[in-house]
Amino acid sequence: MKFQITTDYAIRIMCYLLEHKNESATAKHISSELGITYQYFMKVINRLKQANLVRTIQGCNGGYMLAHPNKVISLYDVIRIMEGDLIINNCLAPEGFCSRDATPTCQLHKVFESLQYDLIEKLESVKLNDITMCQ
């Protein structure tokens, strides 16, 4: 399993905005500070805006800010926005595909289910406030 670079950028953007939560910053400034191309930054920031984590400030002192500066956001919140639900094996997907038709009795399914639950729980326990120096 490997997260997309887009997810890494989203986490870095959210950490940056959290560290500067009382200031707005332009796309050009943030993308330059984080070493993200402007085009890629715009792609990521638009997803974060659609998820209502980021808002745009208009005007000469405009830019981007956290939509809810005091809201506690977990690492999993950002990952889920960018990646979708975390599913480590097809048998754990809502369709529950199993090539052996053994999902209810499969020991491997039980192991994967436990791993997935533990991973999500761990990612939910890590708050962006805890890792704001992650740039």
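Trainee: What pattern does the protein follow along the sequence?

Mentor: Reading along the sequence, you get α-α-α-β-β-α-α. Keep in mind that this is a predicted model.

Trainee: And how many helices and strands does the protein have?

Mentor: There are 5 helices and 2 strands.

Trainee: OK, overall shape. What's the radius of gyration of the protein, next to a compact globule of 135 residues?

Mentor: The protein has 18 Å, whereas a compact globule of that length would be near 14 Å. Along the principal axes, the C-alpha atoms fill a box of roughly 60 × 25 × 20 Å.

Trainee: How much of the protein counts as buried, then?

Mentor: Of the 135 residues, 39% do.

Trainee: Let's go inside. Which residues touch the most other members in the largest nonpolar core?

Mentor: That core has 34 residues, and the ones touching the most other members are Ile13, Met14, Leu17, Phe41, Ile45, Leu48 and Tyr64. The elements giving two or more residues to this core are helix 1 (5-19), helix 2 (27-34), helix 3 (38-50), strand 2, helix 4 and helix 5 (107-125).

Trainee: Which of them gives the most to this core?

Mentor: Helix 1 does, with 9 residues.

Trainee: Take isoleucine 13. What is it in contact with, leaving aside neighbours within four places in sequence?

Mentor: Isoleucine 13 contacts Leu34, Ile36, Phe41, Val44, Ile45 and Leu48.

Trainee: Switching topic: where does serine 74 lie?

Mentor: Serine 74 is in the loop between strand 2 (63-66) and helix 4 (75-83).

Trainee: Is serine 74 buried or exposed?

Mentor: Buried, because its relative accessible area is 3% and the cut-off for buried is under 20%. Beyond its neighbours within four places in sequence, serine 74 is in contact with Leu123, Glu124, Val126, Lys127 and Leu128.

Trainee: Last one, the surface. Which residues form a nonpolar patch there?

Mentor: Leu108, Val111 and Leu115 do, with about 270 Å² of accessible area together. Leucine 108 lies in helix 5.

Technical notes: Residues are numbered from 1 along each chain as its sequence is written. This is a predicted model: local features need pLDDT of at least 70, side-chain atom pairs count only at pLDDT 80 or more; totals for chains, interfaces and linings use all residues. Side-chain values use heavy atoms; hydrogens and water are left out. Helices (H or I, at least four residues) and strands (E, at least two) are DSSP runs, numbered from the N terminus. Buried means under 20% relative accessible area, exposed over 50%, partly exposed in between (1.4 Å probe, protein chains only). Contact means heavy atoms within 4.5 Å. A nonpolar core is a set of buried Ala, Val, Leu, Ile, Met, Phe, Trp, Tyr and Cys residues joined through side-chain atoms within 4.5 Å. Patches are made of residues with over 30% relative accessible area and no salt bridge: like charges are joined within 9 Å, nonpolar side chains (Val, Leu, Ile, Met, Phe, Trp, Tyr) within 5 Å. Accessible areas come from the Shrake-Rupley method with a 1.4 Å probe; for residues, only the protein chains shown count as cover. A salt bridge is a side-chain nitrogen of Lys or Arg within 4 Å of a carboxyl oxygen of Asp or Glu. The radius of gyration is taken over C-alpha atoms; the globule rule is 2.2 Å times the number of residues to the power 0.38.
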